[in-house]
Amino acid sequence: MFGRLTIEALPLYSAIAAGGAAVTVGGALLVAIVLTWLKAWKYLWTDWLTSTDHKRIGIMYIVLALIMLLRGFVDAIMMRAQQAMALNAGGYLPPEHFDQIFSSHGTIMIFFMAMPFMTGLINVIVPLQIGTRDVAFPWLNAVSLWLSAAGAGLVMVSLVIGKFSTAGWTGYPPYSGIEYNPGVGVDYWIWAILISGVGSTMSGINFIVTILKRRAPGMTLMRMTPFVWTALCASVLMAFAFPAITVACGLLALDRLAGMHFFTNAHGGNMMNYANLFWIWGHPEVYILILPAFGIFSEVVATFSRKRLFGYESLVYATAAIAILSFTVWLHHFFTMGSSANVNAFFGVTTMIIAVPTGVKVFNWLLTMYRGRIDFHPSMMWSIGFIITFVIGGMTGVLLALPPADFLMHNTTFLVAHFHNMIIPGVLFGYLAGYMYWFPKAFGFAFDRKWGLRSFWCWLIGFYLAFMPLYILGLKGMPRRMETYNDPSWQPYLMVAAFGAFVVMCGIGCMVMQLYVSIRDRKLTVDRTGDPFNGRTLEWSTSSPPPAYNFAVIPTVADREPFLEMKEKGTAYARPAAYEAIRMPSNTPIGVILGAFAFVLGFAIVWHIWWLVIVSALIMFAAVIVRSSDDDSEFTLSAAEVKRIEDERFRLMGTGR
């Protein structure tokens with residue numbers, strides 16, 4: 001009845017694993033107890049979990065990302081601590097557990113931290129910046145959120161029931177094949193990615209349609225903000241790249257479940273096909289994550305330099321060039337796997353070429369800051385720290401683009417340092433800059449600057465301490481993913497790297513304190529204007545937080561910086577002659593239901609509980625039919641109610657009569 005699920009699935013094989021499971025279960029129970037004590041379940045359900053408002057969906061994405069950031073960082077600090085004391089078979093982690101940790105760390109940080117963080121920021125801001133009231137498909141947006149949460153839930157539950165994959169975050173066969181990895185870990189990995197990947201594909205399609213079809217009157221493509229441009233290019237990449245990993249994981253699942261041989265060389269398959277499919281998704285994925293961060297840096301630098309963005313057109317063209325070129329470089333991830341010299345040379349050249357438009361962007365930001373009146377807000381500090389650190393990572397990337405050099409450094413800690421040099425400053429610094437920049441817009445009160453700056457300095461210093469030693473170790477020949485080693489000259493560098501991870505942990509602690517202090521002091525920092533930074537784009541023209549309908553009257557755009565242009569003309573806060581009724585999407589529980597049973601479906605397949613697979617699939621099918629048959633999926637907000645909300649906004653701003 002319960003397939004492979006037995007009492008042995010509990011994490012009793014290790015005190016550390018049992019402790020991790022206890023923390024996970026205890027954390028979930030604590031949240032449930034607090035919500036019960038606050039009597040917040042009804043509010044949470046009606047106002048948040050069933051919402052189709054793009055802003056609330058975006059905020060829930062970001063909450064998911066921050067939770068998974070904490071979970072993924074625990075893995076990181078455990079790895080660094082293990083390697084710092086691993087000389088001559090030392091340390092505290094057995095090999096299999098260490099393999100689970102580095103597999104879950106990469107999976108969580110890419111799929112369940114970075115992707116939800118990016119999708120959340122796009123959800124909150126892009127509809128506001130293009131002057132529309134919601135995304136093109138609000139219900140699909142909610143489904144995407146809950147499918148992502150279902151995938152994250154499968155990763156989290158692997159801590160408590162069973163084990164996670166030991167095949168790395170890339171899941172390469174034969175390590176991920178049933179012969180070498182017969183447990184449930186790889187199945188957890190496959191179904192977490194399959195379920196969340198469907199959500200990401202739908203998000204990409206939703207954002208493409210929203211940006212192309214829902215822009216305000218007058219907002220031509222070349223009047224879109226840099227963040228909207230990068231969101232559009234990233235969404236196109238999502239729509240084209242995510243099907244590749246969906247196919248790869250689906251075929252791998254068939255190999256494991258149905259005895260097929262897509263990736264088993266001995267039976268007519270080809271495991272290199274998996275590597276190609278994975279990296280056809282995997283390298284565009286790097287730019288799916290980095291491009292929106294580039295857009296955030298562009299917004300932040302212009303706002304806090306008090307200048308127009310330098311070279312807007314070149315930045316747009318560079319963004320499009322990166323998006324196109326990102327599909328021409330995937331093979332550099334396996335230069336050492338037997339391709340011909342001509343193939344390696346082609347992909348080496350394209351890898352170096354993609355650095356050119358990225359360099360163009362760096363000069364755009366530097367020249368925007370040149371002679372600007374810079375406000376060193378935490379978001380600006382994240383941007384400056386990114387520029388300096390990212391250039392270092394870019395130079396090491398060009399080095400790895402040379403196949404002869406890559407043959408020496410592939411699969412060493414040099415590669416680990418380079419990848420993190422791209423992802424942490426290039427992605428996470430950008431998302432944290434956006435998180436601190438747009439926080440007042442989302443919640444209506446200021447983010448504490450002091451704790452934000454402390455967080456930045458801890459992250460920046462910790463990053464250099466944690467990863468610069470890995471560059472040196474890579475040049476000395478240390479392979480990555482080593483649970484133990486016997487070269488004493490490596491240990492001092494690994495101890496510095498572990499200390500750097502501890503400093504980063506202090507930065508995360510400062511982020512928690514920043515959020516706590518900001519919420520504690522929120523009544524003292526309420527933003528009545530909706531424009532705390534003298535903003536230049538449309539999101540700052542609404543109240544903070546924006547009303548459910550975003551704009552009482554859809555604005556007409558006549559400039560690349562429309563809100564700044566409105567302020568210069570004196571029309572930014574002009575009242576309309578009349579208000580109209582607004583059609584809004586209704587809340588629905590169907591998204592939550594689909595997400596919940598997608599989680600149950602994935603869990604049941606992992607443990608071979610086939611009757612539960614059938615039941616879950618039928619419930620999901622029925623939920624889609626119910627939603628498709630619902631002709632009352634919207635409601636009308638009357639003109640009188642819109643007028644009341646807007647009158648209250650103007651009264652609070654001090655301009656009402």
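**Exercise 1. Find which residues of helix 1 are buried, and say what they pack against.**

Step 1: Pick out the buried ones, meaning under 20% relative accessible area with a 1.4 Å probe and protein chains only. In helix 1 these are Ala 17, Ala 21 and Leu 35. Helices here are DSSP runs of H or I with at least four residues, numbered from the N terminus.

Step 2: Look for their partners. The buried residues of helix 1 pack against helix 2 (41-49) and helix 4, where contact means heavy atoms within 4.5 Å.

Before you go on, keep in mind that this is a predicted model: local features need pLDDT of at least 70, side-chain atom pairs count only at pLDDT 80 or more, and totals for chains, interfaces and linings use all residues. Residues are numbered from 1 along each chain as its sequence is written, and side-chain values use heavy atoms, with hydrogens and water left out.

**Exercise 2. Describe the largest cavity: its volume, its lining and the helix that gives the most.**

Step 1: On a 1 Å grid over the protein atoms alone, a cavity is a set of points where a 1.4 Å probe fits but cannot get out, and lining residues have an atom within 4 Å of a point. Volume is the space filled by probe spheres set on the points, which are joined across faces, edges and corners.

Step 2: Count and size. There are two cavities of 30 Å³ or more, and the largest has a volume of about 80 Å³.

Step 3: Helix 4 (95-129) and helix 6 (185-213) each supply at least two lining residues, and helix 4 gives the most, with five.

**Exercise 3. Which helix gives the largest share of the lining of the second largest cavity?**

Step 1: This cavity holds about 40 Å³ of space. Among its lining residues are Trp 169, Glu 285 and Phe 419.

Step 2: The largest share, four residues, comes from helix 8.

Note on methods. 1 Å grid on protein atoms, 1.4 Å probe; cavity = no way out; pocket = protein on both sides within 12 Å on 5 of 7 lines; lining within 4 Å. Buried < 20%, exposed > 50% of the residue type's maximum accessible area, 1.4 Å probe, protein only.
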